[in-house]
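Hi everyone, thanks for coming. I'd like to walk you through one structure today, so let's get it up on the screen.

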Amino acid sequence: MYGQHAVLAALSNPRRKPRRLLVTTEAEAALRERFAGPWRVTPERADRARFATFLPEDSVHQGIALLAEPLEPVALEDAIAASDGPVLLLDQVTDPRNVGAVLRAAAAFGAACVVLQDRHAPPETGALARAASGTLDVVPVVREVNLSRAIAALQKAGFWVLGLAGEGKRTIAEAAPRDRRAALVLGAEDSGLRRLQRETCDELVRLPMAEGVESLNVAAAAAVALYEIVRR
């Protein structure tokens, strides 16, 4: 993990197990101003050239990198019991930067969790953590083998499950429920929701967009849809 927001959030998360922390002199000073401890790993000084030996060439690391164990996935029932926010489910969204950006939107609008598949979803990586800007350690990530079964479990728990699709008859603002919790299913930008997920959702909904605009980035769509859900 790298970048100040991602590393600070990881160090502040008691569920995270840090192993090694590399910092430049300037980054360590900035980190100590923002993090009061407890320190579970001792910072090691390193010059900027050293970061290029273990991070991708275009990494914006801000002079700080943390080696840590991946977080243990949270069970869906535990996540929805711990928060009364909406739930986001991602259907084969594989770009870690998109998933990271979705996590930022989820944190901004108080989502209970983000549900990913065990397969066809990115693992926890430095790129994902950087894109999430610290929210990977804030929003619970639930891993499910079968997304349609997760949708069914949410429906059984009282959720109204909305699938975001361009052919939806109603907009998200029109369909967002007032009397129950909502879950939102978003598909990959190129293929959208798969058939089984479409059939399992309670309703397909759309975002109102100007003529000629086919779709939004999945993270942008998630942010707009979550706003429409929580403002009710």
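Which strands does α10 lie across? α10 lies across β4, β7 (160-164) and β9 (182-187), and runs at about 165 degrees to β9. Angles here go from 0 to 180 degrees between N-to-C directions, with axes fitted as lines to C-alpha atoms, for helices over the stretch in contact. Helices (H or I, at least four residues) and strands (E, at least two) are DSSP runs, numbered from the N terminus.

Quick housekeeping. This is a predicted model, where local features need pLDDT of at least 70 and side-chain atom pairs count only at pLDDT 80 or more, while totals for chains, interfaces and linings use all residues. Residues are numbered from 1 along each chain as its sequence is written, and side-chain values use heavy atoms, leaving out hydrogens and water.

Okay, the sheet. We've got seven strands in an open sheet, ordered β6-β5-β4-β9-β7-β10-β8, with parallel pairing. At the edges sit β6 (141-144) and β8 (170-171), each pairing on one side only. Two strands pair if DSSP finds at least two bridges between them.

Let's zoom in on β4 and β5. β4 (residues 87-91) and β5 (residues 113-117) run parallel and are joined by three bridges. Leu88 has Val114 as its bridge partner in β5, and Leu89 has Val115.

Is β5 mostly covered or mostly open? Mostly covered: five of its five residues are buried, where buried means under 20% relative accessible area, exposed over 50%, and partly exposed in between (1.4 Å probe, protein chains only). Cys113, Val115 and Gln117 are on one side, Val114 and Leu116 on the other, and both faces are covered. Helix α5 (residues 96-108) lies across β4, β5 and β6, at about 165 degrees to β4.

Back to α10, which holds Glu228. Glu228 counts as buried because its relative accessible area is 15%. Leaving aside residues up to four places away in sequence, Glu228 touches Ile172, Ala173 and Ala176; contact means heavy atoms within 4.5 Å.

Last stop, Leu216. Where is Leu216 found? In the loop between β10 (203-206) and α10 (218-230). Leu216 has 34% relative accessibility, so this residue counts as partly exposed.
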